[in-house]
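This report describes the inner spaces of a protein model and then the chain around them. Please look at the sequence and the structure before reading on.

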Amino acid sequence: MPEMLAAGLATPGLFWLCGISALAGLIYGFAGFGAALIFMPLATIFIAPSLAVGAFSLSALSSVFTVVPGALRAADLKAAGTMLAAAVLAVFPGVWVLNHSSGAVLQWAVSGVVIATLIALIAGLRYTRAPGPRTWLSVGTGVGFLGGATGLNGPVVVLFQLGGQDEAARSRANTILVLTFSSLAFLPVMALQGAVPPGAVSLGLLLLIPYAIGTTLGRMLFTPGRAGLYRVTAYVIIAAAAILGLPIEF
């Protein structure tokens with residue numbers, strides 16, 4: 001354990017990574033989405049994408065205790081469960097892509113996906129047909145594959161939930177359940193494929209604390225009547241993270 005802790009403490013930019021993790025948790029607890037959209041583009045400034053994915057997966061464990069209990073009471077469990085099952089299966093090919101792509105390509109992909117998601121969210125895309133199991137399976141597959149490949153499991157389910165007719169509390173709850181538990185699948189799937197980066201576990205354990213603090217504060221700030229405020233706040237921070245995370249030398 002001391003050796004593991006030492007490895008985590010030696011991570012480049014650890015102070016900044018802790019701050020990024022706390023900010024990601026704050027937005028996640030408040031909005032129900034946005035943690036990976038903030039963490040991945042900023043974390044990959046300091047560490048490799050595969051290490052960021054592995055560490056973020058473990059740090060997401062804190063969400064099980066901070067925001068999941070409330071989400072379970074408000075969510076559509078049939079929809080969330082169907083999306084989650086498909087997501088976990090789709091993580092396997094996604095992680096394979098992660099392991100066979102260069103860091104620079106993945107950094108561009110991360111920022112590109114974040115920016116595209118933000119544009120779609122601001123554009124206010126909506127659908128009117130009531131979704132069913134086939135739609136939920138498709139959404140879950142997109143969540144898992146994109147999450148495994150880039151660490152960004154949020155865009156597909158966020159667009160799906162915010163584009164529907166669910167009230168803010170249910171939309172947030174569904175999103176929290178799908179994102180929390182699909183995030184937790186990243187590290188085990190990486191382990192099964194023999195691709196856990198050195199230091200991922202120790203760094204993830206270190207980031208548990210700031211992430212938990214952030215999600216707890218965010219949960220306390222959320223009220224259904226602030227739906228518009230929490231979306232705008234998340235949009236601004238996500239936009240800044242996407243721009244800062246671009247692999248461009250100035």
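The lining of the second largest cavity consists of 5 nonpolar, 4 polar and 1 charged residues. In this count Ala, Val, Leu, Ile, Met, Phe, Trp, Tyr, Cys and Pro are nonpolar, Asp, Glu, Lys and Arg are charged, and the others, Gly among them, are polar. The model is predicted: local features need pLDDT of at least 70 and side-chain atom pairs count only at pLDDT 80 or more, while totals for chains, interfaces and linings use all residues. Residues are numbered from 1 along each chain as its sequence is written, and side-chain values use heavy atoms, with hydrogens and water left out.

Rolling a probe the size of a water molecule over the atoms shows where empty space is left. Here a cavity is a set of points, on a 1 Å grid over the protein atoms alone, where a 1.4 Å probe fits but cannot get out; its lining residues have an atom within 4 Å of a point. Grid points are joined across faces, edges and corners, and the volume is the space filled by probe spheres set on the points. Searching the whole structure gives 2 cavities of 30 Å³ or more.

| Cavity | Volume | Residues nearest the centre |
|---|---|---|
| Largest | about 100 Å³ | Ala35, Ala36, Phe56, Asn153 and Leu179 |

The largest cavity is lined by 16 residues, and its lining divides into 10 nonpolar, 6 polar and no charged residues. Helix 3 (35–43), helix 10 (154–162) and helix 11 (168–192) each give at least two residues to this lining.

Alanine 35, one of the residues closest to the centre of the largest cavity, is placed in helix 3. Its relative accessible area is 5%, so alanine 35 is buried (buried means under 20%, exposed over 50% and partly exposed in between, with a 1.4 Å probe and protein chains only). Leaving out residues up to four places away in sequence, alanine 35 touches Ala24, Tyr28, Phe56 and Tyr211, where contact means heavy atoms within 4.5 Å. Alanine 35 and alanine 169 are 134 residues apart along the chain, and 18 Å separates their C-alpha atoms.

Glycine 147 belongs to helix 9 (residues 133–150). Is glycine 147 buried or exposed? Glycine 147 is buried, because its relative accessible area is 0%. Beyond residues up to four places away in sequence, glycine 147 touches Gly142, Leu152, Asn153 and Phe186. Asn153 is also among the residues closest to the centre of the largest cavity.

The protein chain as a whole has 13 helices and 0 strands. These are DSSP runs numbered from the N terminus, with helices (H or I) of at least four residues and strands (E) of at least two. A compact globule of 250 residues would have a radius of gyration near 18 Å, and the 17 Å of the protein chain agrees. The radius is taken over C-alpha atoms, and the globule rule is 2.2 Å times the number of residues to the power 0.38. Of the 250 residues, 52% are buried. Among contacts between residues at least 6 apart in sequence, 86% join residues at least 24 apart.

Key:
1 Å grid on protein atoms, 1.4 Å probe; cavity = no way out; pocket = protein on both sides within 12 Å on 5 of 7 lines; lining within 4 Å.
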